[in-house]
Amino acid sequence: MWQLGLPWALALLVTAAGSGPSAEPPDPASIFADLTPAELRAVRTFLMERPELGLSPSRGGPLAKNSLFLVELLPPKKRWALRFLEHGGARPRREARAVIFFGAQAEPNVTELAVGPLPRPSSYRHLPFKGGRAVPFWARPMTRLEYELLHEALVAALAPLEPLLREATGFGFQNCSERCLTFSDIAPRGLGPGERRTWLVIQRFVEGFFLHPAGLEVLLDHRDPDPRRWAVRRLWYNGRYFGSVRELAESHARGALPLARLPEPPARHLFSSYEPRGRFSSGTPTEVHGAKVCEPQGRRYRLRGNRLEYGGWSLAFRLRSSAGLQLFDVRFGGERVAYELSVQEAIAFYGGHSPAAMQTKYMDAGWAMGASSYELARGVDCPETAAFLDAHHLLDADGPVRFPRAICVFELPTGVPLRRHFDSDFQGGFHFYAGLEGRALVLRTTSTVYNYDYIWDFLLYPNGVLETKVHATGYIHATFYTPEGRRYGSRVHSHLLGNIHTHLVHYKVDLDVAGSGNSFETMDIRFENISNPWSAGARVSGDQGRVGQEPPAPRLTPPLPRGRYHLAVTRRHENEPSSSSIYTQNNPWDPPVTFESFIRDNETIEDQDLVAWVTVGFLHVPHAEDIPNTATPGNAVGFFLRPFNFFSEDPSVASRAPVIVRPLDPPACSRLQIQRWTPASPGPCVDPEPFTYNGTYRQV
């Protein structure tokens, strides 16, 4: 039995009764490996040469064109993968998922194709969504080309406001080479299906521009594929709405507009920068390096391609361009415990007084959070000892793009023993001391989705526990301060409102415990008061655990909208690979993937191939200490997979890292036997002295 442990509940899943020539065959894990640059290029070349598709390059040209937006691995069907992994069946056909924007036709749309076989593709087929749902062209994700056109349209439309902007902010849009204004766009892009009109937050382009709103928000309609038909539909400035650019400009010209004058940003020590400022009161040094992670006898894990092994653990991993880290074939002690564990979606719902703030409901798969995996800094984002891997994405580009050091792997001292016990003799000595150092292997990447940075971790512990964790950091999504905005957040700087918001992250957990046929149980704990069987008239109170095969309906989460659950368990279906999609952000009203349909089909979940869909999250009320960035302590959530009567004992007993100390002359304890199965000293990177122990506690 393996336990899916959440901070608020206990849930159990229990068992019921690309390759070329090489000297060695490829690792079986490679069936889940991301596409290589050569494979990405091969898919693009094949599709670009198909005359019936009529594809144009992604860069340049009009929006009303057919273009290739995304290419990534299309994982094999589970039954084919298991046939290969467990029964020596044929290696699954390697295929790519390709997303094409068909904008140059009578009914523009977005279509997904399966392309293969790789590494030399020769055919493609349509990839339908569940229920045959289509993706309209207006629901497509944004591209670099559309952003460039959006900027041009905004600059042209706001030309009459240049005097206002220069006077109020000292920055502008027109003929700008320095002291420029920029913008951040929010989503959803409208209030209903078919719309593509976006509120743009105007900001001063300085370091950390997310914290420098100018007080102006602009609603720009860009649904038409022809940018010449785009138009500003509404404006908000310093708490007031305006129906047109002309109305706002004339109000300023008449002197009837209260200007929000911003102070000149300093040349140094800008509040939104990372430059050190101030001093700690203790005076302890910060100009020297702090504690570091080291590997005194080398790495204790093995990394081969996309195969990762550590202690009893073995797994395959990949970094999807669309949604990020995905684990496959997760095993402990050679036995599979999960077929897939993956990030599905990250959502942030905001409240606010300004139109941009009240409209913001970010769904980060729609911003390709997996392809926002920028370089990890050695010694900051990951320890210096970490192994780093590059990622390659073909997203909104005319070829593969290399993201160096996008993933890191490292062993982490947890700072707390995995297990320990001091067995006192209660006479100033002890019978024995034993402890096992706390270590975990970390697989990490990040997603910088514009202002926010998510740090994604999977942690493997030697006792068979797997932890999934995400930290939120980066810049808060902030808007211009008005007194009315105080209802929706905190004033974090002179002209800055930190808007209240809720972070939600969705995971897919396809547990296969002793096979694919699993059932779902919950354990409820209740207080009982019974008669004492060995003392007449006395009562005994305590907790009683009860496991039930028939789970209650999923509990609604109080701070979440109706129909959103911390945990939902469904039958696994090949046409339900993900709980969200890259199209949900721009079409949340009728998305092609609707998670509610997964749990409303009334299927039995007893002795079936099950998937647990887990939601974790937290409420963030921004405060002054979020300047310049939100800090990771207190802003992390996750869950655990824990064995529950699956092993006969703690599997970490196989580790050779414990220390056992026994006195040879109790109770004096002057001579000790120290047992270690590792070198006496870990080496000079920690402390050159060998391990010692005393264990006595005598009066002095």
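Which residues does the UniProt annotation "domain: Copper amine oxidase N3-terminal" cover? According to that unreviewed entry, the annotation covers residues 140-240. In this model, which is predicted, the span 140-240 is 22% helix and 30% strand, and its end C-alpha atoms lie 32 Å apart.

UniProt also places a feature called "domain: Copper amine oxidase catalytic", again from an unreviewed entry, at residues 292-529 and 564-652. For residues 292-529 the make-up is 2% helix and 60% strand. The end C-alpha atoms of that stretch are 52 Å apart.

The domain assignment of the protein divides the chain into domain 1 (28-127), domain 2 (144-254) and domain 3 (301-522 + 559-652). In the contact region, 31 residues of domain 1 touch 31 residues of domain 3. Together, domain 1 and domain 3 bury about 2700 Å², and 54% of that area is on carbon and sulfur atoms. On the domain 1 side, Phe 32, Phe 69 and Lys 78 supply 26% of the area buried against domain 3, more than any other three residues.

Side chains of opposite charge can pair when their charged atoms come close. Here Lys 78 forms a salt bridge with Asp 609, with the closest N and O atoms 2.9 Å apart. Between domain 1 and domain 3 the count is seven salt bridges, and 18 residue pairs are in polar contact, with both residues at pLDDT 80 or more.

Which elements give two or more residues to the side of domain 1 that touches domain 3? They are the helices α1 (37-48) and α2 (78-87), along with the strands β3 (66-74), β4 (95-102) and β5 (109-116). The largest share of this side comes from α2, with six residues. By residue type, the side of domain 1 that touches domain 3 divides into 18 nonpolar, two polar and 11 charged.

Across the whole structure, a search finds 46 salt bridges. One of them joins the side chains of Arg 125 and Glu 95, at 2.6 Å from N to O. This pair links distant parts of the chain: Arg 125 is in strand β6 (residues 123-126) and Glu 95 is in strand β4, 30 residues apart.

Some features of the backbone remain. A cis peptide bond joins Ile 627 and Pro 628, with omega about 5 degrees. Pro 628 sits in the loop between β33 (610-620) and β34 (636-643). Another cis peptide bond joins Pro 666 and Pro 667, where omega is about 0 degrees. The loop that holds Pro 667 runs between β35 (658-663) and β36 (672-676).

Where is His 269 found? His 269 is in the loop between α5 (245-253) and β13 (301-304). Phi of His 269 is near 60 degrees, which is a positive value in a residue other than glycine.

Note on methods:
Residues numbered from 1 in each chain as written. Predicted model: local features only at pLDDT ≥ 70, side-chain atom pairs only at ≥ 80, totals over all residues. Heavy atoms only, no water. Domains from an automatic or database assignment. Contact = heavy atoms within 4.5 Å. Buried area = accessible area lost by both parts, 1.4 Å probe. Salt bridge = Lys/Arg side-chain N within 4 Å of Asp/Glu carboxyl O. Polar contact = N/O pair within 3.5 Å; in protein donor to acceptor, adjacent residues only side chain to side chain. Helix = DSSP H or I, 4+ residues; strand = E, 2+ residues; numbered from the N terminus. Nonpolar A, V, L, I, M, F, W, Y, C, P; charged D, E, K, R; others polar. UniProt positions renumbered as here; feature names shortened; annotations may be inferred.
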